[in-house]
Amino acid sequence: EEKFITLDGRVVDVEVTGKYIKYNGKSATLGLIRNITQQKIAENALRESEKKYSELVRENPDAIVSLNENGVFLTFNPAAERLSGIQAAKVLGNNMEAVNLLKPNSLEKALREFRLLVSGKERKPFELEINNLRTPWIVAEANPKLIKQKDGTITVQFTLRDITERKLIEEELKKSNEELATFIYRASHDLRAPLRSLLGLIELLKIENNPAAIHQYIQHMQKS
């Protein structure tokens, strides 16, 4: 590849190839010059785009990991290192099943979702439990994405967002609701006997004509 200057002063990228030939019985060199300026512009734009994408993945606060169609890790950004407590060097090049990244039940779920995604089926976000030795319980929401490369290969990307705090709040709310339901049940049960007694006294008052008896019923109701 070379750079040529055209007659109007523009710099263009060219690809120069040559080969020896016979011309009129003599040895000669055939030179072919092809303008590849647009190709070089496209290649540079692609490299710049890939560079920006790589920087976005690296600086993203969410954990982002990618795997090839065989389940081998290709990328593992710094946020994924922080979430899992595992260094990227120990993950890259290894199969999903060989890396102690997920709890057993979550690994089964991740493998199932991975296979469905590779088969071409769209998948919704799902939850995974991360196997972090420093933190006993971490829950992440996994957002899967299938990326088709120009060469026909596919890459599966998972964006993992830490939702542990949200899950803890949900568990606390669930516990509070259960305790409230238990309290209401017990309170309503405790009120049933006095209410039945009051309803019985009211029915007696409806048919009683003796003032002394009515007064006695009223006193019972006040005590109830």
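Of the 224 residues in the protein chain, 25% are buried, where buried means under 20% relative accessible area, exposed over 50%, and partly exposed in between, with a 1.4 Å probe and protein chains only. The model is a predicted one, in which local features need pLDDT of at least 70 and side-chain atom pairs count only at pLDDT 80 or more, while totals for chains, interfaces and linings use all residues. Residues are numbered from 1 along each chain as its sequence is written, and side-chain values use heavy atoms, with hydrogens and water left out.

The protein chain holds five helices and eight strands (DSSP runs, numbered from the N terminus, of H or I with at least four residues for helices and of E with at least two for strands). Read from the N terminus on, these elements follow the order β-β-β-α-β-β-α-α-β-β-β-α-α.

Within helix H3, which spans residues 104–118, lies Glu 113, and this residue counts as buried because its relative accessibility is 10%. The side chain of Glu 113 makes a polar contact with the side chain of Arg 123 at 2.7 Å; such a contact is a pair of N or O atoms within 3.5 Å, and within protein one must be able to donate a hydrogen and the other to accept it, while residues adjacent in sequence count only if both atoms are side-chain atoms.

Glu 179, by contrast, belongs to helix H4 (residues 164–207) and is partly exposed, with a relative accessible area of 49%. In strand S1 (residues 2–5) we find Phe 4, which is likewise partly exposed, with a relative accessible area of 34%.
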